[in-house]
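Here are my notes on this model. Please read them with the coordinates open.

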Amino acid sequence: MSMTLTSEMASQAAQAYLPAFNCPPGTKMHLLDLGTLECDEGWYVEHLDLSSHRYAHPYGYGRLLRAGNTSTVTNKSPENKRRELIVLSVLIEHPQEGLILFETGCAENIDINWGAPLTDIFPRTVYNKEHRLPEAIKATGNDIKDVKAVLFGHLHLDHAGGLEHFVGTDVPIYVHEEEFKHACWAVATGADLGVYLSHYMSLDKLNWQTFNEPHLDLFQGITLHHSPGHTPGLCVMQVNLEKDGTFIFTTDQFHIAENYEMSHPHGWLARDHTAWFNSLQMIKRLQRMFKAELVLWP
Ligand SMILES: [Zn+2]
């Protein structure tokens, strides 16, 4: 006996085997503005501006020169350009899982929790009442107390400082195992001093949940992709919305558009350039495959 596979049967079979691809109907997503930091662009631009330099090259020697704003023989005191960085967070109203928060921004009181010299290097230039995490969530019609899961791209102080709002709760905090281990090591030993801080890394009052898959479908329509380079355990978040398409939230994989568009790695904030470049290629493939909209943090 033989049976002809109709397209309808094939579609049913595929749906039975493939994980649900999009977030469930009714999912809503909000981008939260948690204020603005400012710093020297050498932190996240690798290349020199060679446009007026006699050695300017069509392909840019900048790829070989780390540390933007560096002095040269011909320009011993270059202008130290500064850039603003918007601190963002993503809130997803997921019909099956409830409220999901991706990253939490800075601590509320950075004068106490960061202190100098960090507040001198990375001053927060815009921070009003509406930029506080609880207020930003309230503005979407939700309450921070209803957050059911917090997901992290990485645990740097300007992305995870808002964990202070979840201390003492049993809200699961999802982060890649490599990131969690690195952050604990960095805080405990003082290695990579400053970019991770102890005040939000509570080991006994937060419900840490780690994973080590390179690509994790954590909730329906939400996938975390391990993208090391800026930090060892950084993950970007892919969200597939039924009507609006695919978004990739890139946390600090890219600080500024040039990091992505011109493949320029970070400046002083880079840690593993080879890994970063491989992550860049992976994200470019994802973007092409899903026709995704990339959301950079600045
Ligand atoms: Zn970072």
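1. Basis. This is a predicted model; local features need pLDDT of at least 70, side-chain atom pairs count only at pLDDT 80 or more, and totals for chains, interfaces and linings use all residues. Residues are numbered from 1 along each chain as its sequence is written.

2. Overall make-up. The protein chain has eight helices and 12 strands. These are DSSP runs numbered from the N terminus (helices: H or I, at least four residues; strands: E, at least two). Of the 298 residues, 38% are buried, meaning that 20 or more other C-beta atoms, placed from the backbone, lie within 10 Å of the residue's own.

3. Contacts. Two residues are in contact if their C-beta atoms, placed from the backbone, lie within 7 Å. Take contacts between residues at least 6 apart in sequence: 72% join residues at least 24 apart.

4. Core. The largest nonpolar core has 59 residues. Such a core is a set of buried Ala, Val, Leu, Ile, Met, Phe, Trp, Tyr and Cys residues joined through C-beta atoms within 7 Å. Val 150, Leu 151, Ile 173, Tyr 196 and Met 237 touch the most other members. Strand β2 gives the most to this core, with six residues.

5. Leu 151. Beyond four places in sequence, Leu 151 touches Ile 100, Phe 102, Tyr 174, Leu 218, Leu 224 and Met 237.

6. Val 87. Which strand holds Val 87? Val 87 is in β2, residues 82-94. Val 87 counts as buried because it has 25 C-beta neighbours inside 10 Å. Its contacts beyond four places in sequence include Leu 34, Gly 105 and Asp 158. Thr 36 is 51 residues away along the chain, yet the two C-alpha atoms are separated by 5.7 Å.

How values were computed: A residue is buried if 20 or more other C-beta atoms lie within 10 Å of its own, exposed if 12 or fewer, and partly exposed in between; C-beta atoms are placed from the backbone.
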